[in-house]
Amino acid sequence: MEQVEQDPDFVTLSRQFKATAMELISVLEQKQKTGGRIKVLLETLPLHKLADIFVASFEMSLEEQLSMLDSVDPKIRLSKATELVDRHLQSIRVAEKITQKVEGQLSKSQKEFLLRQQMRAIKEELGDNDDDEDDLAALERKMQSAGMPSNIWKHAQRELRRLKKMPPQQPGYNSSRVYLELLADLPWQKASEEQELDLKAAKDRLDCDHYGLSKVKQRIIEYLAVRKLKPDARGPVLCFVGPPGVGKTSLASSIAAALGRKFVRISLGGVKDEADIRGHRRTYIGSMPGRLIDGLKRVAVCNPVMLLDEIDKTGSDVRGDPASALLEVLDPEQNKSFNDHYLNVPYDLSKVIFVATANRVQPIPPPLLDRMEVIELPGYTAEEKLRIAMQHLIPRVLDQHGLNSEYLQIPEAMVKLVIQRYTREAGVRNLERNLAALARAAAVRVAEQEQAVSVSKDVHKLASPLLDNRLAEGAEMEMEVLPMGVNNNEISTAFKISSRLVVDEAMLEKILGVIIPHKLFSFIWMFT
């Protein structure tokens, strides 16, 4: 051994072994805070013994252990021991490098997640447990009480489990939560309790709300009679076609009232995007369900009367054709499993009663028109307009403007003049606008008359040009002398004109204007 220790190769190997071993001990001291005893052994033991003792503490395979025992030459044993120590050192360095790399990739969101977890633990210790877990638990209970079908409930559970694993600050957290809230809010099983259908009461309601339209009301009564005999019957989709202002929308509302169901109106005028019917896919930013699913969410029942208003005003462009999407909605054989792109699960629309309105039949695509029963509503005659105005429009206009028959009277003859000279459309909307103009003029007069009149001390002079003008017109006045201690509120109601405003032909021309002759002649020429 003395000769071996004096060998230059052995000395070089021993120095290399000691350097590698010291470096390994330094690394182990940083990680485990140990290694002092091994360092003492490294300084005191002979080199030929040190290699065996040092290597014996490593985890080696059986082949490596046999290889060490098989090496009798000290230089070979020391060379193999140096190789094992260096390999162990390199493995520790690689592990440290990987750990540092992983720690460096710890993003801000992960740090926030760890902080939130700590805050959650602190809140639990303090008893202040009002975090997102309570909200998610409430959402889960709401989903359980929604009455979803079994396949949709499994899908919702899967989405909920995914949501629970996501930190609240993750970008997809809010969109997933809004989606689950929609699933919980939709009326999967909740329906309106239909009252016993009384055809006589339904007919009286239609007669009360609508004047004329005998054929249309008779078809509605037939439709209701079939629903009474067979509530689950798949009746046709009624489509009311007629000019504006003839009562198409109000007829659909009357059907809902007669059936005792909720009423929801979906406006399709100007819709050019198929996503308005089928919804947007959830992969898009700002995605939302279609108008049909949104309407069902608003009424919170699965069997409302849904009005598809202005179905002839839909268009088509590069974003799709809404009319083609409506084919599935209005087909009784297909709408049992309507697929909204946002919802991404089938929804049953077969319990919904669809009613459509349109101004013209020509713009409606033939396949869509084939799924509806067209009921034409002709325009009103002058006599029908007169009855509608006297029975419905005038009371409603007076009520909307805070008036009654004591302030304004519109004779039947003046209503005829308004119809003949100023309103020659098929409906009654312009007629109602002109009657509203007369009511506004009367409202100005009544508001001016109810203004407070300042009374001087001796009540000899009335400082009111308004009253002077009305006296000059020959109107009757009721005046009452009040003591000086009366407050202003009592004085303001003490002077009122007792005569009511009666509309005459001169007032029509003053408020509505003089009819332009060429418009009248052009109108007559079109219908001759």
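Which residue lies over the face of tyrosine 179? In this structure, which is a predicted model, arginine 282 takes that place, at 3.8 Å from the centre of the ring.

The structure holds two aromatic pairs, and tyrosine 179 belongs to one of them, its partner being tyrosine 342. Because the planes of these two rings stand at 70°, with the centres 5.9 Å apart, the pair is edge-to-face. Tyrosine 179 is part of helix α10, which spans residues 171-185, whereas tyrosine 342 sits in the loop between β4 (338-339) and β5 (346-347), and the pair thus links distant parts of the chain, 163 residues apart.

The other pair is formed by tryptophan 188 and tyrosine 347, and it is tilted, with 5.0 Å from centre to centre and 55° between the planes. Tryptophan 188 is found in the loop between α10 and α11 (199-209) and tyrosine 347 in strand β5, so this pair ties together parts that are 159 residues apart in sequence.

| Residue | Relative accessible area | Class |
|---|---|---|
| Tyrosine 179 | 0% | buried |
| Tyrosine 342 | 5% | buried |
| Tryptophan 188 | 8% | buried |
| Tyrosine 347 | 2% | buried |

Why does tyrosine 347 count as buried? Its relative accessibility is 2%, and a residue is classed as buried when its relative accessible area is under 20%. Tyrosine 179, with a relative accessible area of 0%, is likewise buried, and its ring is the one whose face lies under arginine 282.

Notes. Residues are numbered from 1 along each chain as its sequence is written. This is a predicted model: local features need pLDDT of at least 70, side-chain atom pairs count only at pLDDT 80 or more; totals for chains, interfaces and linings use all residues. Side-chain values use heavy atoms; hydrogens and water are left out. Rings of Phe, Tyr and Trp (its six-membered ring) pair if their centres lie within 6.5 Å; planes under 30 degrees apart count as stacked, over 60 as edge-to-face and the rest as tilted. Helices (H or I, at least four residues) and strands (E, at least two) are DSSP runs, numbered from the N terminus. Buried means under 20% relative accessible area, exposed over 50%, partly exposed in between (1.4 Å probe, protein chains only). A charge sits over a ring if NZ of Lys or CZ of Arg is within 6 Å of the ring centre and within 35 degrees of the ring normal.
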